[in-house]
Amino acid sequence: MPDAKATFYRNFFDLRKSDTLFQVLLNEINWRQDRMKLYGKEIDLPRKTAWYGDRGKSYTFSGIHLDPEPWTPSLLEVKQRIEAVAEVQFNSVLLNLYRHGGDGISWHTDAEPELGDNPVIGSVSFGGTRRFMFRHRQNRDLKAEVELTHGSFLLMAGETQHFWQHQVPKTARKVEPRINLTFRVIVD
Ligand SMILES: O=C(O)CCC(=O)C(=O)O
Ligand SMILES: [Fe+2]
């Protein structure tokens, strides 16, 4: 991918660890149903979300203001493992729960001002495989995609968020529930 710095690690967590983390996160995370404005109407986001992190690192996402809940042991375990390769210290994580194929996230960049200029985003997936698609903002013919499998880790850095949008499309196929964790660095 030109104008990007993205690295994919397929089996970053082994199967046993991934199975455990999926179950623990499904049960222990305080999943919320957030809403967003779409053409003047309030609608449910097509996924459940949660926001955990260091105290005081609050964040605005799609017009929703989120205060972080305190780290849990399993979140800290995942954070430590990915920090070893990401070479940054993450201070917060946005979690997404895609319950079925009707859940997804549409085209966007992770370019909120809280993230600074060239954000490092560490994205970990557990559960059902979903497509993760990229498209270049200036040249829409430039595309890339990766299957985000159980236990995988996608690291995005450098100018990726300036030049590339991403999405997890909804699908009519039968897919298992999926948990995604996007670790971020909120700068103050
Ligand atoms: O579920 C994913 O893999 C992507 C989530 C995402 O793009 C986000 O939360 O900003
Ligand atoms: Fe994103």
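## Talking through a predicted fold

Modeller: The protein has 188 residues and a radius of gyration of 16 Å, which agrees with the value near 16 Å for a compact globule of that length; the radius is taken over C-alpha atoms, and the globule rule is 2.2 Å times the number of residues to the power 0.38. This is a predicted model, where local features need pLDDT of at least 70, side-chain atom pairs count only at pLDDT 80 or more, and totals for chains, interfaces and linings use all residues. Residues are numbered from 1 along each chain as its sequence is written, while chains are lettered from A and ligands numbered from 1 in the order in which they are written.

Colleague: How many helices and strands does the secondary structure come to?

Modeller: Helices (H or I, at least four residues) and strands (E, at least two) are DSSP runs, numbered from the N terminus. On that basis, the protein has 3 helices and 14 strands.

Colleague: Which feature does UniProt place at residues 89-187?

Modeller: That stretch is 4% helix and 49% strand, with its end C-alpha atoms 11 Å apart. The record is an unreviewed entry; its positions follow the numbering used here, feature names are shortened, and annotations may be inferred rather than shown by experiment. The name in the UniProt entry is "domain: Fe2OG dioxygenase".

Colleague: Which residues have the most contacts inside the largest nonpolar core?

Modeller: A nonpolar core is a set of buried Ala, Val, Leu, Ile, Met, Phe, Trp, Tyr and Cys residues joined through C-beta atoms within 7 Å. Buried means 20 or more other C-beta atoms within 10 Å of the residue's own, exposed means 12 or fewer, and partly exposed is in between, with C-beta atoms placed from the backbone. The largest core has 33 residues, and the ones with the most contacts inside it are Val 93, Leu 95 and Leu 181.

Colleague: What is Leu 181 in contact with, leaving aside neighbours within four places in sequence?

Modeller: Two residues are in contact if their C-beta atoms, placed from the backbone, lie within 7 Å. For Leu 181, that gives Val 78, Val 93, Leu 95 and Val 124.

Colleague: Which elements give two or more residues to the shell around ligand 1?

Modeller: A residue is near the ligand if its C-beta atom, placed from the backbone, lies within 6 Å of it. Among the residues around ligand 1 are Leu 94, Asn 96, His 166, Val 168, Asn 180 and Thr 182. The elements giving two or more are E7, strand E13 (164-168) and E14.

Colleague: Is Lys 79 buried or exposed?

Modeller: Lys 79 is found in helix H2. Not counting residues up to four places away in sequence, Lys 79 touches Phe 90 and Phe 183. Because 22 other C-beta atoms lie within 10 Å, Lys 79 is buried.

Colleague: And how far apart in space are Ser 92 and Tyr 59, C-alpha to C-alpha?

Modeller: Ser 92 is in strand E7, and it counts as buried with 22 C-beta neighbours inside 10 Å. Its contacts beyond four places in sequence include Trp 51, Tyr 59 and Arg 184. Ser 92 and Tyr 59 are 33 residues apart in sequence, and the distance in space is 9.4 Å.

Colleague: Is Glu 87 buried or exposed?

Modeller: Glu 87 is in the loop between H2 and E7. Its phi is near 60°, a positive value in a residue other than glycine. With 9 C-beta neighbours inside 10 Å, Glu 87 is exposed.
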